[in-house]
Amino acid sequence: MPQSHACLYAHLIFSTKDRYPFLDASVRDRVHAYLAETVRNMGSSFSLVGGVADHVHLLFDMGRIHAAKDFAEEIKRESSKFIKTFGGKHAKFYWQRGYGIFSVSPPHRPAVESYIRNQEEHHRVKTFQEEYRGFLKRYGIDYDERYVWD
């Protein structure tokens, strides 16, 4: 086959350091827009960002250019620099060290989009830790609770 094709949707989740609520309403929309733009600048034809004060969810087409690890590290590094420019409490901003990245099949993309768009409603009844443990269990990922949070 002379051409390469890919359709690799990924759901990337990561939180602020110690889940501190850095991403309050005063900056959240700007941070989400910056994250979406960063993903597009990395070659993704589709990106959606949502979240609440202590974490973000990104859904994007990973394409065939970047490894998941490189993609996540670049997004976190660039957005961290951006958030620090807000000054004040944001000057001490950091993302958590780790992240979760999960595959999304094209037929499930609309459900994941809805889930990401409704994060505020979702987190009225569920903490980030409960949510994240649910993803790990759903995807069959073994984990040691001592090393999941920083």
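Me: In this predicted model, where rings of Phe, Tyr and Trp pair if their centres lie within 6.5 Å, how many aromatic pairs does the structure hold?

Reply: The criterion is applied to ring centres, with the six-membered ring standing for Trp. Counted in this way, the aromatic pairs that the structure holds number 15.

Me: Which class, stacked or edge-to-face, describes the pair of F22 and F93?

Reply: The ring centres of F22 and F93 are 5.0 Å apart, and their planes meet at 75°. Planes over 60 degrees apart count as edge-to-face, so the pair formed by F22 and F93 is edge-to-face.

Me: How many residues apart in the chain are F22 and F93, and which loops hold them?

Reply: F22 belongs to the loop between β1 (9–15) and α1 (28–41), while F93 belongs to the loop between α2 (68–84) and β4 (100–104). The pair therefore links distant parts of the chain, and the separation between F22 and F93 is 71 residues.

Me: Is F93 buried or exposed?

Reply: The relative accessibility of F93 is 0%. Because buried means under 20% relative accessible area, F93 counts as buried.

Me: Which class, stacked or edge-to-face, describes the aromatic pair of F60 and F71?

Reply: F60 lies in strand β3 (residues 55–61) and F71 in helix α2, so their pair ties together parts 11 residues apart in sequence, and both residues are buried. Their rings are 4.5 Å apart from centre to centre, with 10° between the planes. Planes under 30 degrees apart fall in the stacked class, and the pair of F60 and F71 is accordingly stacked.

Me: Over the face of which aromatic residue does R138 lie?

Reply: One aromatic cluster is formed by F102, Y115, F128, Y132, F135, Y139 and W149. R138 is placed at 4.8 Å from a ring centre, and the ring whose face it lies over is that of F135.

Me: With which residues is T38 in contact, leaving aside its neighbours within four places in sequence?

Reply: T38 has its place in helix α1, and at 10% relative accessibility this residue counts as buried. Once the neighbours within four places in sequence are left aside, the contacts of T38 are I75 and E78.

Me: How many residues in the lining of the largest pocket are charged?

Reply: The largest pocket holds about 200 Å³ of space, and of the 14 residues that line it, the closest to its centre are Q96, G98, Y132, Y147 and V148. The lining divides into eight nonpolar residues and two polar ones, while the number of charged residues is four.

Definitions and conventions
Residues numbered from 1 in each chain as written. Predicted model: local features only at pLDDT ≥ 70, side-chain atom pairs only at ≥ 80, totals over all residues. Heavy atoms only, no water. 1 Å grid on protein atoms, 1.4 Å probe; cavity = no way out; pocket = protein on both sides within 12 Å on 5 of 7 lines; lining within 4 Å. Points joined across faces, edges and corners; volume = space filled by probe spheres on them. Nonpolar A, V, L, I, M, F, W, Y, C, P; charged D, E, K, R; others polar. Helix = DSSP H or I, 4+ residues; strand = E, 2+ residues; numbered from the N terminus. Buried < 20%, exposed > 50% of the residue type's maximum accessible area, 1.4 Å probe, protein only. Lys NZ or Arg CZ within 6 Å of the ring centre and 35° of its normal. Contact = heavy atoms within 4.5 Å.
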